[in-house]
Amino acid sequence: MQDVDECSLRPSICKNGATCHNTKGGYICICVNGWAGQNCDENVDNCINIVCMNGATCIDRVGSFVCQCPPGITGLWIYCHLTDACASNPCASGAICDTIPVSGAYKCSCPKGWTGQDCTEDVDECEEGSPCEHDGKCVNVPGSFACQCAAGFTGPRCELNINECDSNPCHNEGTCLDERGAFRCVCMPGYTGTQCEQDVDECIPNPCYNNGICADLINDYKCHCPRGFAGKRCQINVDDCVSSPCGNEGRCQDAVAGYKCVCKPGFTGVNCEVNINDCQSSPCHHGDCRDMVNSFRCDCHAGYSGLYCQTQIDECRSDPCKHGGTCQDLINGYQCRCPPGTNGPNCEMNVNECFSNPCRNGASCIDGINGYTCKCRPGFTGVHCETNINECASNPCANGGKCIDLINKFKCDCPRGYYDAKCLSDVNECASNPCQNGGTCEDEVNGFHCECPPGYTGSRCNMEIYECGSNPCQHGGTCRDRLNSFTCECTPGYTGNMCETNIDDCKQQPCHNGGTCIDKVSGYQCVCVVPYTGRDCTEELNPCVPNQCKNDATCTPALDFLDFSCSCELGYTGRLCDKDVDECAASTSPCHNGATCHNINGSYECICANGYEGKDCLINTDDCASCEFPYHMLSNLQGFTGSNCQYPINECDSSPCENGATCLDQVGYYTCVCPYGFMGPRCSEYVDWCATKPCFNSATCMQKANTYSCICMPGWTGKLCDVEMVSCSDAALRKVNNYSCSCPHGTLGMYCEINVDDCYENACHHGGTCIDKVGGFECKCPPGFVGSRCEGDINECLSNPCSAEGTQDCIQLINNYR
């Protein structure tokens, strides 16, 4: 078990100047003379065993006693055997009459400013050495003196520097630095003037670009931008193309407070909203014009063809006239001039001279051009075979079948698609199953038609439909073609049949400890609440672990948990409490009564002059407490003279103190109270101020007589060069807590140490990469785009890359042309 040091834990546990000594499990108080008890808080009654003579009364004191004689009587110790000379009030008014115990005579203790046996002589303090400090003028007055102080000082001895900063002369939170008889103001950013009373006009010179109007603020300005510009200094041209105003795939070119649409061929208008009527010039010669996008189509009238229906169709080109007929071309038709013996639209009909059955008796009549011949059956003869019957006369062949007359019978020559004896039956072209991939065949005359199942096309359903042709997958998804369908392989961060949905990465609430989740593409960002940080706000900021504060100081985190401060124990100072406070260097020494102050780590100790004791040498040591009065040695008492040692010797009569010091007469000796800057038993030596290194921050100490001054290094001021002339930018680096920093645009924080991320969503267009800067951003554009925000598409056609005849045919693409 560890012992508790009560002396360190409770330094004042022992009272009345006692010394505390720690023991195992407790403590012991070593009392000074006159005190008793565990904590030295009981006054010992020294009158218990004392009998004062001649009616005197014993009065107990600390560590001693005194016999208070009856009025008019005095005497040493307990005797009270002498007549008291002070009973007649021989001392001047205000003086203290002290009876000399050994003789009964009196001694006058004069008030300050008076001297002489009865204290009736005025002391001229100004002749003894000017008591006025800091060049004050001494004026003697009865019983005292007065100091006429120089500018900037006050007090009875001009010892007090007037703090001209007490009236708060610096306006607008300026820092006042007190100087000798004056002050100086260190102004906050944005102010100037002797008393920081003038607001610095940040609008001079005008920081606003593009004719912006500057409005002055405190340590800042605001630009009122003209239409079409934005930004802190109106340096950003507002992108009027953000709303995609150009229709029909027109390309938007941003301008100042406006935009221009570069329309695709076939469109016009401010926003490319008007489809150009390509039929307006009536390009179709013999047809109806149908307007399309950047083109037209001519629906030709019957009998005409060509792109512009400019060509009359020559129906005679296919030689429609038979049997040597002459073809005459007409509009959407023709006319055949038939030779004798033929007729019909195409002269296809030979005049059947056999129609009259010139051949007889079963003979076959063979028709010719403008004539006939009879082929007689066996047994018949003659030019006309008059006995032969023509079986084709009744036209037995159907569906355009051609009848061939035979002997006593006929034969039908059927056209394509028909068969049997009279061409009455249709040929089934579906019998060979021409449709593939499960297509349904529908028979037609001299042909067929295939009804294809979903996913197939073509005349025989032999071609699979490519469903990925329309690019159905969004956000860069990859399309995989399937039969009558497709599937999309999405890029990270997207889902859905066509990758149309951004996956909510915040759905699982990844941000801990009160952090706010911001969903992004294939990821998320946590905005953490202090003191947490990290990707998921799981890391706790604690600048006090490990504790960098020294000497048992208490570490306290800053509000943003990025820094800390140390609360030092008594005796230490500095940011980390690692610097020992030199209590002995203070203007008022903690050690009294001529004691020597010695600084130690975290505290100090006083080396007391003879006759004093205690931590601060405030206790007068009672050297007689343990002794009986040596009455038989009266003749040897120091500080007294006379046959009975009845006259005290005034050691100050010889004026032993120099340089205007005040002499204090003591019994058997004297002490000198030195004025400012002097030391030694007789105040004859200068205080070596520079030996104590009073100047801070590498300043040079200069001693002159009993005073010193500090010559400061650049950037420091004040009597001790301990006031830094610091800017907010330096304060941000060193975290000087007594400044308020007005941060420039794009920074935040108590010391302007946080750079604001200016790369807001879609800051850079067309896939540009945003690079954050201080107070702005920079866009790294992909190939083919330019502009501060990658808003401009480079027109590769401007250099006329196509041949001279084809310049108008150059088609602008992204980072390319065609």
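The link of Cys 690 and Cys 701 is left-handed, with -80° about the S-S bond. These two cysteines form a disulfide (a pair of cysteine sulfur atoms within 2.5 Å), and their sulfur atoms lie 2.0 Å apart. The pair links distant parts of the chain, 11 residues apart: Cys 690 is in the loop between β68 (685–686) and β69 (700–704), and Cys 701 is in strand β69. Strands (E, at least two residues) and helices (H or I, at least four) are DSSP runs, numbered from the N terminus. Cys 690 is partly exposed because its relative accessible area is 22%, and Cys 701 counts as partly exposed at 21%. Partly exposed denotes the range between buried, under 20% relative accessible area, and exposed, over 50% (1.4 Å probe, protein chains only).

The model is predicted: local features need pLDDT of at least 70, side-chain atom pairs count only at pLDDT 80 or more, and totals for chains, interfaces and linings use all residues. Residues are numbered from 1 along each chain as its sequence is written, and side-chain values use heavy atoms, with hydrogens and water left out.

A search of the whole structure finds 53 disulfides. One of them joins Cys 203 and Cys 214, with 1.9 Å between the sulfur atoms. The torsion about their S-S bond is about -75°, so this disulfide is left-handed. Here too the pair links distant parts of the chain, 11 residues apart, with Cys 203 in the loop between β20 (198–199) and β21 (213–217) and Cys 214 in strand β21. Both Cys 203 and Cys 214 are buried.

A further disulfide is formed by Cys 31 and Cys 40, whose sulfur atoms are 1.8 Å apart. Its torsion about the S-S bond is about -90°, and the disulfide is therefore left-handed. Cys 31 counts as partly exposed because its relative accessibility is 26%, whereas Cys 40, at 0%, counts as buried.

The surface also carries a charged feature. Asp 426, Glu 442, Asp 443, Glu 444 and Glu 451 form a negative surface patch. Patches are made of residues with over 30% relative accessible area and no salt bridge, like charges being joined within 9 Å and nonpolar side chains (Val, Leu, Ile, Met, Phe, Trp, Tyr) within 5 Å. A salt bridge is a side-chain nitrogen of Lys or Arg within 4 Å of a carboxyl oxygen of Asp or Glu. Strand β43 (residues 440–444) supplies the largest share of the negative patch, 3 residues. Glu 451 lies in strand β44 (residues 447–451), and its relative accessibility of 40% is why Glu 451 counts as partly exposed.

Notes: Areas by Shrake-Rupley, 256 points an atom, 1.4 Å probe, with all protein chains shown as cover. Lys, Arg positive; Asp, Glu negative; His and termini not counted. Charge placed at Lys NZ, Arg CZ, Asp CG, Glu CD.
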